[in-house]
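Work through the two exercises below with the sequence and the model at hand, and try each task before reading its solution.

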Amino acid sequence: MPPEIELRDIVKKFPGVVANNHISLSVEKGEIRALVGENGAGKTTLMRILYGLYQPDEGDILIRGQKVVFHSSLDAIRAGLGMVHQHFMLFPSLNVFENVIYGSEPTQFGLIDRTAARRRVEELVEQYGLYVDPDANVGQLPVGVRQRVEIIKTLYRNASILILDEPTAVLTPQEKDDLFKILRRLAENGKTIIFITHKLREVLEISDNATVLRDGAVTTTLRTADTTREEIARHMVGRDVVLRVTKPPREPGEVVLQVQDLTVNNNLRRVAVKGVSLEVRAGEIVGVAGVAGNGQTELIEALTGLRSPASGRILLHDNDIIRASVAARRRAGVAYVPEDRAHVGLALDARLSENLLMGYERQPEFSRRGLLDFNAVREHAQQLIAQYGIKTANYLEAAAHLSGGNLQKGVVARELDHRAPLLIAEQPTRGVDVASIEFIHQQLIDYRMRGHAILLVSAELSEILSLSDRILVMYEGRVVGEVASAQATEQGLGLLMTGGQREPPLTPPSQGGEDLVARAS
């Protein structure tokens, strides 16, 4: 039988960039194929071509031996493809089940059968353990819950070929294990799965074979049972990779952020944060762990000025900023890396140089008498592009043309560059490759060592364990536990995150740093 998917000599060019350079690969029916590579290697572009979102400049697509031309994703869906995107393709004004059924609505007497639609979504939610309220408005959901909606959307259409772009980015270890069980069951039932990920441990855990891209070309395809994380990483970056986070000891200094009995409501006017108190000191990284939807988003929005708390106090260097605007908080010394870079952290239609300056354009070094100094803006952008290894045609390129990982590096670069006393970082390495993870982690540790305070929120427990000095766990809007990172494990934190009790004793991580190839990846 012919391969389920075959790509032949696919070429895709953007201004100044060859995203896909004569890429060929084939995937068999029932196979789970990992697609890995550094940011900007061309993975997502290739899959968007397969899904009909982009048209190739050259090359052919064959599905079950038949040449096809997809003019849109609707053509791909009709051919049995489904895709879960890294940046969600959802309608924020619709609720969950309306998003899931969009384009495939059940009807009765010529009208949409909303009862049947909701029932089918409930069945999928229960069957696959992707718990979400079918009636919830998607625009009011945290990022992690929106991810589940995307997965449900794909399952609803019973696609025979599934493309998943970083699907575990916001899942706990337990949720990731459940997802992998689902994927294996789908593969056993003849579904073909392409799994884009930066997490090398996941490549070995879930895939049958791994195709590695570098600079828009295939460097190798490996049978995962016969390879290692180190070998995959070497093919990704073109050199041996030994990534370690070394976190030197440091005594915390004065209290920079103090939160006292903070209560915050969500968009439905229900209490999402229930009397939370915490503090972060200079030279300290405090991690916040929790399953998406347990109040982390509302907590961070309250701290950054994006949401008004119902009660409590937020003190920055003993000054209460609870009523201060976003701009006033940034001037007071709050930097912020948001979890939703596309909608909160960036203006995708603006130039990269403008995004690297956003929020700081009124500082004297960038403006004179109310007008931007374009030479200073250019020099600033070029410096950060070089320092953070942002892959772009030039500083004038629209942010929308960059890969997700390079956009993330741009947001991190902008926020760290201004040396604010407090950095609030949500998912700082979401969607970036192993080399970039190591670089960003080192930047955060250096920031800590220079005496800045960092509040870190991450769905990656390995990241929380590697970087944090103390770890707070949120469950149902409350801080239910505080653990020193040296005494924490993923399993123990996972229990707290789901409302259970910590299992003593907790084994401390290895001395001298964390091996990111073995752990964070």
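**Exercise 1: an open sheet and its helix**

In this predicted model, four strands form an open sheet in the order E2-E1-E4-E5, with antiparallel pairing. Determine which strands stand at the edges, and which helix packs on the sheet.

*Solution.* Strand E2 (17-27) and strand E5 (66-68) each have a single partner strand, so they stand at the edges, and one side of each is left without a neighbour in the sheet. Neighbouring strands of this sheet are, on average and with direction ignored, turned by 30 degrees against each other. At one end of the order, strand E4 (residues 58-63) pairs with E5 in the antiparallel sense over three bridges, and Leu 62 has Lys 67 in E5 as its bridge partner. The helix that packs on the sheet is H1 (residues 43-50), which touches strand E1 (5-14), E2 and E4, and whose direction makes about 115 degrees with that of E1.

**Exercise 2: the partners of strand E17**

Work out how many bridges join strand E14 to strand E17, and which residue takes a positive phi in the hairpin of E17 and E18.

*Solution.* Strand E14 (residues 255-265) runs antiparallel to strand E17 (residues 311-316), and five bridges join them; within this pairing, Gln 260 stands opposite Arg 313 in E17. Next, E17 pairs with strand E18 (residues 319-320), again in the antiparallel sense, over two bridges, with Leu 315 opposite Asp 320 in E18. The hairpin of E17 and E18 has two residues between the strands, and His 317 is the residue that takes a positive phi, near 50 degrees.

Definitions and conventions
Residues numbered from 1 in each chain as written. Predicted model: local features only at pLDDT ≥ 70, side-chain atom pairs only at ≥ 80, totals over all residues. Heavy atoms only, no water. Pairing = 2+ DSSP bridges. Axes fitted to C-alpha atoms, helices over the stretch in contact; angles between N-to-C directions. Contact = heavy atoms within 4.5 Å.
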